[in-house]
Amino acid sequence: MSAHVEMRDLRVAFPSPRGPVEVVHGVSFTLGAEKLGIVGESGSGKSVTARAILKLLPRAATISATRLTFDGIDVLGASERQMRAIRGKRAGLILQDPKYALNPVMTAGAQIAEAWRVHHRGSARQARAAAIDLLAQVRIRDPGRVAALYPHELSGGMGQRVMIAMMLAPDPELLIADEPTSALDATVQAEILRLIEDLVARRGMGLILISHDLPLVSHFCDRVMVMYAGRVMEELRAANLSAAQHPYTRGLLDCLPSLIHPKDRLSVLKRDPAWEG
Amino acid sequence: MSDLSTPLSGNAAGLRAWLLSETPDSRRQAAWGRSYRGWLNFRRNPLGMAGLIIVLALLVLSLAAPLLTWQSPDVQHLAQRLAPPSAAHWLGTDELGRDLYTRLLFGGRITLGMVVAVVVLVAPLGLVVGAVSGYLGGMTDRIMMRVTDIFLSIPQLILALAFVAALKPGISSAVIAIALTSWPPIARLARADALTVRANDYIAAVKLAGASPARIIFRHILPLCLPSVIVRITLDMSGIILTAAGLGFLGMGAQPPMPEWGTMIASTRGYILEQWWVPTIPGLAILIASLAFNLLGDGLRDVLDPKQS
Amino acid sequence: MAAPMIAIDGLRVRFGAREVVHGVSFSVARGASFGMVGESGSGKSTILRAFAGLAPDWSGAMALDGQALGRRRARDFFRRCQMVFQDPYGSLHPRQTIDRQLAEPLQIQAMDGIDARIRRALEEVGLPASARFRYPHQLSGGQRQRVAIARALITGPEVLLLDEPTSALDVSVQAEVLNLLADLQAARGLTYLMVTHNLAVVAHLCPWIGVMQGGEMVEQLSAADLRAGRVAHPHTAELRALSTELEEAG
């Protein structure tokens with residue numbers, strides 16, 4: 001299968017009183033039907049990089065790249081109308097907190113049905129049936145009841161499932177999940193990630209999982225891209241994480257406290273200015 | 001120790017660098033730097049700047065009225081009544097032959113003076129009532145907000161009429177009447193801010209330092225309610241000017257010989273068709289002043305909004 | 001035997017009509033660290049807030065160094081017991097300089113030598129003196145959390161309540177803050193009561209751990225037992241499994 005996303009030398013800059021500030025300095029990657037994890041600390045540019053694929057950045061941002069395509073479509077040259085046809089329909093975005101992404105005055109079912117109808121032809125009845133089916137797919141036990149609930153009646157994990165169901169409604173080819181589980185408890189986090197993993201495998205989608213949690217990402221993804229200060233430090237197969245070469249990746253792994261291997265003192269990451277150069 | 005870093009006679013570039021320093025050496029430098037950044041922000045807004053300049057100009061013109069005019073605002077020249085603008089009377093004369101330019105500047109003192117008086121009465125009252133009510137919550141909140149609602153429910157003009165009946169028509173009655181009905185919205189606004197602020201961990205942290213409720217309200221909550229109140233009051237000022245003018249028009253504010261803008265329109269309204277400039281000129285003054293305060297308020301909102309920065 | 005520094009017995013806390021902590025008892029010896037782990041809504045933070053006097057509707061018994069705590073905390077309590085909050089962005093006043101926020105507890109407690117104390121406090125938490133007159137938004141998340149720790153320590157308390165002190169921070173900064181907390185405890189003999197959802201973090205800092213679920217403390221065990229998997233309650237086992245699953249993968 002051909003590449004979903006091809007990115008060559010992406011640069012993103014934001015204006016500031018002292019002139020434009022570049023926050024992503026030349027990031028390149030290719031994504032097929034696979035799971036790519038982008039890991040980095042706050043300010044590493046990981047979210048900006050992923051959102052640039054859908055041109056979901058504030059209007060003030062300037063994006064440039066020698067090549068940025070989604071399924072062969074040139075994203076940078078695409079009109080806002082073409083982008084709308086991609087966003088939601090062919091690529092979905094799952095955010096950290098479903099509370100802010102769901103419409104508070106519409107029931108969960110109605111929102112999923114609406115997302116479904118934007119991209120399928122069908123009656124309201126069919127849309128409702130599709131919504132309940134999608135809720136079942138994200139493993140909600142009583143989809144009929146949950147479909148009638150409003151967002152404030154949903155727990156965090158349930159809200160995130162509804163969000164995922166909404167993103168799946170148009171059968172996207174790519175799912176971008178930006179810290180999808182950081183607001184959730186560990187038990188729920190594992191379930192949601194397993195759910196995403198399973199759906200991606202079953203539907204042959206591409207997945208970009210953005211997170212600050214290196215062990216988590218490497219556990220669920222095929223490949224991991226480690227970013228720091230707007231640059232890719234290292235890209236490696238998730239299975240080879242323990243063999244990471246770059247001192248930044250190593251530093252990130254070493255500074256984690258461990259339950260199994262107690263450490264008297266945590267090692268502290270030494271930031272090398274050369275990483276930013 | 002920190003004062004040594006103040007560039008007392010330093011050049012402008014040095015002062016700018018001192019103000020914009022990322023690592024200030026004293027509380028004073030930090031506060032000044034913060035204000036300076038706010039000013040730089042405000043300066044980028046041309047409409048807000050226009051509002052500020054007009055407001056300042058109006059204040060200066062009114063305060064310096066005796067220096068900028070050469071006649072008394074009350075001297076009547078019945079031979080020259082209702083004269084059109086000319087070299088002798090820049091803006092013409094009114095129905096008693098008084099110079100309109102002179103009366104306009106002196107009128108600014110009264111109209112703007114009333115606005116300032118209302119703000120001085122209203123802002124602290126509304127701020128304190130709102131912050132106390134919002135922070136303490138419970139019974140205190142309920143009682144204070146019901147009292148606020150009662151005041152909110154009384155129409156300004158009716159209250160002014162009551163005051164006129166009880167006291168006597170005049171500027172102070174008008175100011176009190178406007179003030180009594182202007183503080184409730186400010187109290188409501190301050191309360192809403194206080195409600196969100198009090199839930200923050202930094203307020204919990206001050207509580208854990210052992211601070212008394214009064215200290216928490218006045219030192220930690222009030223400063224955060226202030227920006228939106230300032231903006232609200234600036235936006236309200238145009239309303240206050242209009243109400244003051246309206247009371248003057250109805251004969252319940254400033255009394256006829258006084259050159260108050262609203263009163264000036266009221267006493268000359270009969271000439272609107274033949275000598276249109278006579279009532280129009282104070283009307284334009286009211287319009288410009290209201291507009292300027294509105295623009296200023298909008299500009300301040302962009303700078304002071306606590307949700308930004 | 002000396003009284004424990006923190007003693008909590010049969011604590012119940014209500015928010016309005018809902019009881020969120022259903023009778024929790026534990027104690028922490030002077031100079032020791034006790035950690036509470038659990039998921040959101042398990043009541044772990046509420047216990048901390050109730051002890052600090054921030055959740056007024058409670059019943060049961062709580063004592064600090066043998067002195068029973070009543071409805072209202074005396075000013076002296078706040079000199080002996082302080083708290084560090086989870087979100088360093090929300091726990092510092094946005095319109096006050098660091099200097100002013102550090103001076104506030106000293107002024108309230110009418111302590112002298114404010115200037116010297118602030119300088120010492122900044123140094124102790126590893127912040128440069130240049131940070132003193134900055135505003136919170138001019139500092140990074142890790143620096144803010146250091147300020148919050150400095151503020152908690154400035155009046156010289158014996159007990160520090162730590163509410164998820166590192167969960168809003170990047171992992172590299174988390175390591176720095178955890179090391180700082182360990183150093184401060186060693187230097188000052190502090191007693192820690194910590195709340196977190198991260199088992200690795202709690203086991204790193206606290207030798208004794210209470211597991212919270214649904215407002216109850218379902219198990220108390222040592223960090224060594226938790227590490228070795230000698231757990232009694234299924235919830236503890238579940239949390240442990242989720243934590244180790246990711247570690248082993250890495």
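Mentor: Helices H7(B) and H8(B) cross in a right-handed way, where a crossing counts as right-handed if the near helix is turned clockwise from the far one by less than a right angle, and left-handed if anticlockwise. This is a predicted model, in which local features need pLDDT of at least 70 and side-chain atom pairs count only at pLDDT 80 or more, while totals for chains, interfaces and linings use all residues. Residues are numbered from 1 along each chain as its sequence is written, and chains are lettered from A and ligands numbered from 1 in the order in which they are written.

Trainee: At what angle do the axes of H7(B) and H8(B) cross?
Mentor: At roughly 140°, with the axes of H7 (residues 156-166) and H8 (residues 171-198) of chain B coming within 9 Å; axes are lines fitted to C-alpha atoms, for helices over the stretch in contact, and angles run from 0 to 180 degrees between N-to-C directions. Helices are DSSP runs of H or I with at least four residues, numbered from the N terminus.

Trainee: And what about the chains, which pair has the most contacts?
Mentor: Chains A and C, among the 2 pairs that touch, where two residues are in contact if their C-beta atoms, placed from the backbone, lie within 7 Å.

Trainee: How far apart are chain A and chain B?
Mentor: Their closest C-alpha atoms lie 10 Å apart, and no contact joins them.

Trainee: How many residues of chain B are in contact with chain C?
Mentor: 24, meeting 27 residues of chain C, and H9(B) gives the most to that side of chain B, with 7 residues.

Conventions
Helix = DSSP H or I, 4+ residues; strand = E, 2+ residues; numbered from the N terminus.
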